[in-house]
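Please look at the sequence and the model below before reading on.

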Amino acid sequence: MSDDPFGQSIASLANWVPPDEPPTGQRAALHRLAAAMRIVAEALTDMQADEADLLAAAEAMEQFGARLEATRTGHRPWGFAESAPAGDARAMFDRSPVIGLGNPVAPPLRMEIDGDRIVGRATFGAQYEGPPGHVHGGIIAAAFDEVLGMAQARTGRPGMTGTLTIRYRRPTPLHTEVVFEARVDRVEGRKIFAAGTLHAGETLCAEAEGIFISVDFSRLTR
Ligand SMILES: CCCCC/C=C\C/C=C\C/C=C\C/C=C\CCCC(=O)SCCNC(=O)CCNC(=O)[C@H](O)C(C)(C)COP(=O)(O)OP(=O)(O)OC[C@H]1O[C@@H](n2cnc3c(N)ncnc32)[C@H](O)[C@@H]1OP(=O)(O)O
(Lines give C-alpha, C1' and ligand atoms only; values in the text may rest on other atoms or scores of the structure.)
Protein backbone atom coordinates (compact mmCIF):
# COMPACT_ATOMS: atom_id res chain seq x y z
CA MET A 1 0.00 0.00 0.00
CA SER A 2 2.69 2.49 0.99
CA ASP A 3 4.23 2.36 -2.50
CA ASP A 4 1.35 4.48 -3.80
CA PRO A 5 0.82 7.29 -1.29
CA PHE A 6 -0.40 9.57 -4.08
CA GLY A 7 -3.26 7.29 -5.10
CA GLN A 8 -4.16 6.51 -1.48
CA SER A 9 -4.31 10.13 -0.52
CA ILE A 10 -6.32 11.18 -3.55
CA ALA A 11 -8.86 8.51 -2.59
CA SER A 12 -8.88 9.75 1.00
CA LEU A 13 -9.88 13.22 -0.19
CA ALA A 14 -13.49 12.12 -0.48
CA ASN A 15 -13.67 12.32 3.31
CA TRP A 16 -11.00 14.91 3.93
CA VAL A 17 -11.81 17.90 6.09
CA PRO A 18 -9.40 20.77 6.60
CA PRO A 19 -7.50 20.29 9.87
CA ASP A 20 -7.98 22.81 12.65
CA GLU A 21 -4.61 22.35 14.32
CA PRO A 22 -1.94 24.88 13.44
CA PRO A 23 1.14 23.46 11.76
CA THR A 24 4.35 22.98 13.71
CA GLY A 25 8.08 22.70 13.09
CA GLN A 26 9.47 22.95 9.57
CA ARG A 27 5.98 23.22 8.07
CA ALA A 28 5.08 26.20 10.25
CA ALA A 29 8.37 27.84 9.32
CA LEU A 30 7.64 27.30 5.64
CA HIS A 31 4.22 28.91 6.00
CA ARG A 32 5.75 31.91 7.78
CA LEU A 33 8.40 32.33 5.09
CA ALA A 34 5.81 32.09 2.30
CA ALA A 35 3.62 34.67 4.10
CA ALA A 36 6.60 37.04 4.33
CA MET A 37 7.25 36.56 0.61
CA ARG A 38 3.63 37.48 -0.11
CA ILE A 39 4.10 40.72 1.83
CA VAL A 40 7.14 41.50 -0.32
CA ALA A 41 5.29 40.63 -3.55
CA GLU A 42 2.39 42.87 -2.58
CA ALA A 43 4.67 45.76 -1.59
CA LEU A 44 6.67 45.47 -4.83
CA THR A 45 3.61 46.60 -6.79
CA ASP A 46 3.75 50.17 -5.48
CA MET A 47 6.79 50.58 -3.19
CA GLN A 48 9.04 53.62 -3.16
CA ALA A 49 12.25 51.97 -1.91
CA ASP A 50 15.41 53.29 -3.53
CA GLU A 51 17.73 51.37 -5.83
CA ALA A 52 20.31 50.57 -3.15
CA ASP A 53 17.66 49.15 -0.82
CA LEU A 54 16.22 46.98 -3.58
CA LEU A 55 19.65 45.72 -4.62
CA ALA A 56 20.56 44.82 -1.03
CA ALA A 57 17.33 42.85 -0.69
CA ALA A 58 17.90 41.16 -4.05
CA GLU A 59 21.39 40.08 -2.98
CA ALA A 60 20.12 38.67 0.32
CA MET A 61 17.34 36.82 -1.49
CA GLU A 62 19.78 35.44 -4.06
CA GLN A 63 22.00 34.12 -1.29
CA PHE A 64 19.11 32.52 0.57
CA GLY A 65 17.81 31.08 -2.71
CA ALA A 66 21.18 29.44 -3.32
CA ARG A 67 21.13 27.92 0.18
CA LEU A 68 17.65 26.50 -0.40
CA GLU A 69 18.61 25.18 -3.83
CA ALA A 70 21.41 23.20 -2.22
CA THR A 71 18.91 21.38 0.01
CA ARG A 72 16.53 20.30 -2.76
CA THR A 73 15.91 16.58 -3.20
CA GLY A 74 14.00 16.57 -6.49
CA HIS A 75 10.26 16.58 -7.02
CA ARG A 76 8.28 14.45 -4.62
CA PRO A 77 4.51 14.55 -5.15
CA TRP A 78 3.86 14.48 -1.43
CA GLY A 79 6.28 17.03 -0.13
CA PHE A 80 6.76 16.48 3.57
CA ALA A 81 8.17 13.05 4.06
CA GLU A 82 6.54 12.47 7.43
CA SER A 83 3.05 13.17 6.17
CA ALA A 84 3.19 11.08 2.99
CA PRO A 85 2.78 7.64 4.58
CA ALA A 86 -0.20 8.94 6.52
CA GLY A 87 -1.85 9.99 3.28
CA ASP A 88 -1.99 13.54 4.56
CA ALA A 89 -3.52 15.75 1.88
CA ARG A 90 -1.93 18.81 3.48
CA ALA A 91 1.40 17.97 1.91
CA MET A 92 -0.04 18.37 -1.59
CA PHE A 93 -2.14 21.35 -0.65
CA ASP A 94 0.87 23.22 0.73
CA ARG A 95 2.24 23.43 -2.81
CA SER A 96 -0.93 24.56 -4.53
CA PRO A 97 -0.62 27.84 -6.44
CA VAL A 98 -4.13 28.70 -5.22
CA ILE A 99 -4.45 27.41 -1.63
CA GLY A 100 -0.86 26.52 -0.78
CA LEU A 101 0.25 28.07 2.49
CA GLY A 102 3.76 27.03 1.53
CA ASN A 103 3.54 28.64 -1.91
CA PRO A 104 4.06 32.41 -2.01
CA VAL A 105 2.24 32.59 -5.36
CA ALA A 106 -1.01 31.49 -3.67
CA PRO A 107 -3.31 34.31 -2.40
CA PRO A 108 -3.93 31.96 -0.44
CA LEU A 109 -7.54 30.93 -0.93
CA ARG A 110 -8.95 29.22 2.19
CA MET A 111 -11.43 26.40 1.61
CA GLU A 112 -14.01 24.89 3.90
CA ILE A 113 -16.58 22.18 3.48
CA ASP A 114 -20.19 23.12 4.15
CA GLY A 115 -22.45 20.15 3.55
CA ASP A 116 -22.33 19.42 -0.17
CA ARG A 117 -20.74 22.79 -0.90
CA ILE A 118 -17.15 23.92 -0.95
CA VAL A 119 -16.72 27.52 0.19
CA GLY A 120 -13.51 29.34 -0.68
CA ARG A 121 -12.55 32.75 0.69
CA ALA A 122 -9.75 34.97 -0.52
CA THR A 123 -8.61 38.56 -0.46
CA PHE A 124 -6.64 39.28 -3.60
CA GLY A 125 -3.89 41.86 -3.31
CA ALA A 126 -2.38 44.11 -5.94
CA GLN A 127 -0.16 41.37 -7.37
CA TYR A 128 -3.31 39.74 -8.73
CA GLU A 129 -4.52 42.84 -10.55
CA GLY A 130 -5.95 42.58 -14.04
CA PRO A 131 -8.17 45.55 -14.85
CA PRO A 132 -7.26 48.51 -12.62
CA GLY A 133 -8.37 47.84 -9.06
CA HIS A 134 -9.78 44.44 -9.91
CA VAL A 135 -8.76 40.79 -9.98
CA HIS A 136 -7.18 39.28 -13.11
CA GLY A 137 -9.63 36.96 -14.88
CA GLY A 138 -7.10 34.15 -15.16
CA ILE A 139 -6.57 34.22 -11.42
CA ILE A 140 -10.34 33.96 -10.92
CA ALA A 141 -10.38 30.96 -13.26
CA ALA A 142 -7.58 29.30 -11.27
CA ALA A 143 -9.51 29.82 -8.03
CA PHE A 144 -12.66 28.37 -9.57
CA ASP A 145 -10.63 25.37 -10.80
CA GLU A 146 -9.54 24.76 -7.23
CA VAL A 147 -12.94 25.02 -5.52
CA LEU A 148 -14.74 23.09 -8.24
CA GLY A 149 -11.82 20.65 -8.16
CA MET A 150 -12.28 20.11 -4.44
CA ALA A 151 -16.04 19.66 -4.85
CA GLN A 152 -15.60 17.00 -7.54
CA ALA A 153 -12.85 15.26 -5.57
CA ARG A 154 -15.38 14.56 -2.82
CA THR A 155 -17.25 12.21 -5.14
CA GLY A 156 -14.42 9.77 -4.34
CA ARG A 157 -13.46 9.47 -8.02
CA PRO A 158 -11.60 12.74 -8.62
CA GLY A 159 -10.69 13.79 -12.09
CA MET A 160 -8.66 16.29 -14.01
CA THR A 161 -10.21 19.45 -15.33
CA GLY A 162 -11.46 18.74 -18.86
CA THR A 163 -13.44 21.90 -19.51
CA LEU A 164 -13.75 25.00 -17.36
CA THR A 165 -16.14 27.75 -18.43
CA ILE A 166 -16.25 31.09 -16.64
CA ARG A 167 -18.84 33.79 -17.10
CA TYR A 168 -17.48 37.08 -15.74
CA ARG A 169 -20.46 39.18 -14.74
CA ARG A 170 -19.01 42.07 -12.75
CA PRO A 171 -15.39 43.11 -12.08
CA THR A 172 -14.06 41.44 -8.92
CA PRO A 173 -12.55 43.93 -6.46
CA LEU A 174 -9.05 43.68 -5.03
CA HIS A 175 -8.41 44.08 -1.28
CA THR A 176 -11.88 42.76 -0.38
CA GLU A 177 -12.77 39.31 0.87
CA VAL A 178 -14.58 37.47 -1.89
CA VAL A 179 -16.41 34.16 -1.61
CA PHE A 180 -16.35 31.24 -4.03
CA GLU A 181 -18.89 28.44 -3.76
CA ALA A 182 -18.87 25.15 -5.64
CA ARG A 183 -20.88 21.97 -5.75
CA VAL A 184 -21.22 18.88 -7.89
CA ASP A 185 -24.20 19.05 -10.18
CA ARG A 186 -24.19 15.50 -11.56
CA VAL A 187 -21.98 12.57 -12.52
CA GLU A 188 -22.24 10.84 -15.91
CA GLY A 189 -19.83 7.93 -16.26
CA ARG A 190 -16.33 9.40 -15.82
CA LYS A 191 -17.60 12.97 -16.24
CA ILE A 192 -18.24 15.00 -13.11
CA PHE A 193 -20.15 18.23 -13.68
CA ALA A 194 -19.50 20.94 -11.10
CA ALA A 195 -20.69 24.52 -10.86
CA GLY A 196 -19.81 27.54 -8.79
CA THR A 197 -20.24 31.22 -8.07
CA LEU A 198 -18.06 34.11 -6.96
CA HIS A 199 -19.52 36.90 -4.84
CA ALA A 200 -18.10 40.14 -3.48
CA GLY A 201 -20.63 40.97 -0.81
CA GLU A 202 -24.03 40.73 -2.48
CA THR A 203 -22.58 41.18 -5.97
CA LEU A 204 -22.37 38.13 -8.21
CA CYS A 205 -19.01 38.65 -9.93
CA ALA A 206 -18.66 35.37 -11.84
CA GLU A 207 -20.11 31.94 -12.43
CA ALA A 208 -18.28 28.76 -13.42
CA GLU A 209 -19.07 25.36 -14.84
CA GLY A 210 -16.53 22.58 -14.93
CA ILE A 211 -16.38 19.10 -16.40
CA PHE A 212 -13.86 16.91 -14.60
CA ILE A 213 -12.88 13.54 -16.03
CA SER A 214 -12.13 10.80 -13.50
CA VAL A 215 -8.61 9.46 -13.97
CA ASP A 216 -6.20 7.08 -12.32
CA PHE A 217 -3.94 9.65 -10.65
CA SER A 218 -1.30 7.11 -9.70
CA ARG A 219 -0.34 7.06 -13.40
CA LEU A 220 0.72 10.70 -13.22
CA THR A 221 3.52 9.87 -10.81
CA ARG A 222 5.19 7.18 -12.87
C1 LIG B 1 -2.28 17.25 -11.33
C2 LIG B 1 -3.76 17.29 -11.18
C3 LIG B 1 -4.17 17.39 -9.75
C4 LIG B 1 -5.63 17.23 -9.68
C5 LIG B 1 -6.01 16.83 -8.31
C6 LIG B 1 -7.37 16.33 -8.31
C7 LIG B 1 -7.99 16.04 -7.22
C8 LIG B 1 -7.39 16.38 -5.96
C9 LIG B 1 -8.48 16.59 -4.99
C10 LIG B 1 -8.68 17.75 -4.41
C11 LIG B 1 -7.82 18.82 -4.77
C12 LIG B 1 -8.43 20.08 -4.46
C13 LIG B 1 -8.48 20.99 -5.40
C14 LIG B 1 -8.31 20.68 -6.83
C15 LIG B 1 -6.91 20.70 -7.25
C16 LIG B 1 -6.56 21.02 -8.44
C17 LIG B 1 -7.53 21.47 -9.44
C18 LIG B 1 -6.80 21.72 -10.69
C19 LIG B 1 -6.94 20.52 -11.59
C20 LIG B 1 -6.19 20.74 -12.81
O21 LIG B 1 -5.72 21.81 -13.08
S22 LIG B 1 -5.99 19.45 -13.88
C23 LIG B 1 -4.92 20.18 -15.14
C24 LIG B 1 -5.65 20.63 -16.37
N25 LIG B 1 -6.22 19.51 -17.07
C26 LIG B 1 -5.49 18.70 -17.82
O27 LIG B 1 -4.30 18.84 -17.96
C28 LIG B 1 -6.24 17.59 -18.50
C29 LIG B 1 -5.51 17.15 -19.77
N30 LIG B 1 -6.34 16.21 -20.47
C31 LIG B 1 -6.28 14.87 -20.23
O32 LIG B 1 -5.43 14.38 -19.51
C33 LIG B 1 -7.29 14.04 -20.93
O34 LIG B 1 -7.75 14.66 -22.08
C35 LIG B 1 -8.49 13.71 -19.98
C36 LIG B 1 -8.00 12.88 -18.79
C37 LIG B 1 -9.21 15.00 -19.51
C38 LIG B 1 -9.51 12.88 -20.77
O39 LIG B 1 -8.82 11.90 -21.47
P40 LIG B 1 -9.26 10.39 -21.46
O41 LIG B 1 -8.59 9.71 -22.61
O42 LIG B 1 -9.07 9.80 -20.13
O43 LIG B 1 -10.83 10.50 -21.68
P44 LIG B 1 -11.71 10.04 -22.92
O45 LIG B 1 -11.25 10.73 -24.16
O46 LIG B 1 -11.76 8.55 -22.92
O47 LIG B 1 -13.15 10.65 -22.57
C48 LIG B 1 -13.91 10.14 -21.45
C49 LIG B 1 -15.20 10.95 -21.40
O50 LIG B 1 -14.85 12.31 -21.04
C51 LIG B 1 -15.23 13.22 -22.08
N52 LIG B 1 -14.15 14.20 -22.18
C53 LIG B 1 -12.86 13.97 -22.47
N54 LIG B 1 -12.15 15.08 -22.44
C55 LIG B 1 -13.01 16.06 -22.10
C56 LIG B 1 -12.86 17.43 -21.92
N57 LIG B 1 -11.67 18.03 -22.05
N58 LIG B 1 -13.93 18.17 -21.59
C59 LIG B 1 -15.13 17.57 -21.45
N60 LIG B 1 -15.34 16.26 -21.60
C61 LIG B 1 -14.30 15.51 -21.95
C62 LIG B 1 -15.37 12.38 -23.32
O63 LIG B 1 -16.26 12.98 -24.23
C64 LIG B 1 -15.86 11.07 -22.77
O65 LIG B 1 -17.24 11.21 -22.50
P66 LIG B 1 -18.24 10.05 -22.87
O67 LIG B 1 -17.85 8.88 -22.01
O68 LIG B 1 -19.60 10.58 -22.55
O69 LIG B 1 -18.03 9.76 -24.31
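**A walk through the model**

Met-37 lies in helix α2, residues 25-44. Helices here are DSSP runs of H or I with at least four residues, strands are runs of E with at least two, and both are numbered from the N terminus. The model is a predicted one: local features need pLDDT of at least 70, side-chain atom pairs count only at pLDDT 80 or more, and totals for chains, interfaces and linings use all residues. Residue numbers start from 1 along each chain as its sequence is written.

Met-37 counts as partly exposed because it has 14 C-beta neighbours inside 10 Å. A residue is buried if 20 or more other C-beta atoms lie within 10 Å of its own, exposed if 12 or fewer do, and partly exposed in between, with C-beta atoms placed from the backbone. Between the C-alpha atoms of Met-37 and Ala-194 the separation is 33 Å, and the two residues are 157 residues apart along the chain.

The protein as a whole has 5 helices and 6 strands, in the sequence order α-α-α-α-β-β-α-β-β-β-β. Of its 222 residues, 27% are buried. Among contacts with a separation of 6 or more, 63% join residues 24 or more positions apart; a contact means that two C-beta atoms, placed from the backbone, lie within 7 Å.

Helix α5 (137-153) is mostly covered, with 13 of its 17 residues buried. Its expected span, 1.5 Å times one less than its number of residues, is 24 Å, and its end C-alpha atoms are 24 Å apart, which agrees.

What is the size of the largest nonpolar core, and which residues have the most contacts inside it? The core has 33 residues, and Ala-143, Val-147 and Ala-151 have the most contacts inside it. Such a core is a set of buried Ala, Val, Leu, Ile, Met, Phe, Trp, Tyr and Cys residues joined through C-beta atoms within 7 Å. At least two residues each come from α4 (90-93), β2 (117-123), α5, β4 (177-188), β5 (191-200) and β6, and the largest share, 9 residues, is from α5. An α-helix has 3.6 residues a turn, so residues three or four places apart point the same way. Beyond its neighbours within four places in sequence, Val-147 is in contact with Met-111, Ile-118, Gly-120, Phe-180, Ala-182 and Gly-196.

Around the ligand there are 19 residues, the closest being Gly-149, Ala-153, Pro-158, Gly-162 and Thr-163. A residue is near the molecule if its C-beta atom, placed from the backbone, lies within 6 Å of it. Two or more shell residues come from each of α5, β3 (159-168) and β6 (203-214), and α5 gives the largest share, 5 residues. The shell has 10 nonpolar, 5 polar and 4 charged residues; Ala, Val, Leu, Ile, Met, Phe, Trp, Tyr, Cys and Pro count as nonpolar, Asp, Glu, Lys and Arg as charged, and the others, Gly among them, as polar.

Two loops remain. Pro-108 lies in the loop between α4 and β1 (110-114), and the peptide bond from Pro-107 to Pro-108 is cis, with omega near -5°. His-175, in the loop between β3 and β4, has a phi near 60°, a positive value in a residue other than glycine. His-175 is exposed, with 11 other C-beta atoms within 10 Å.
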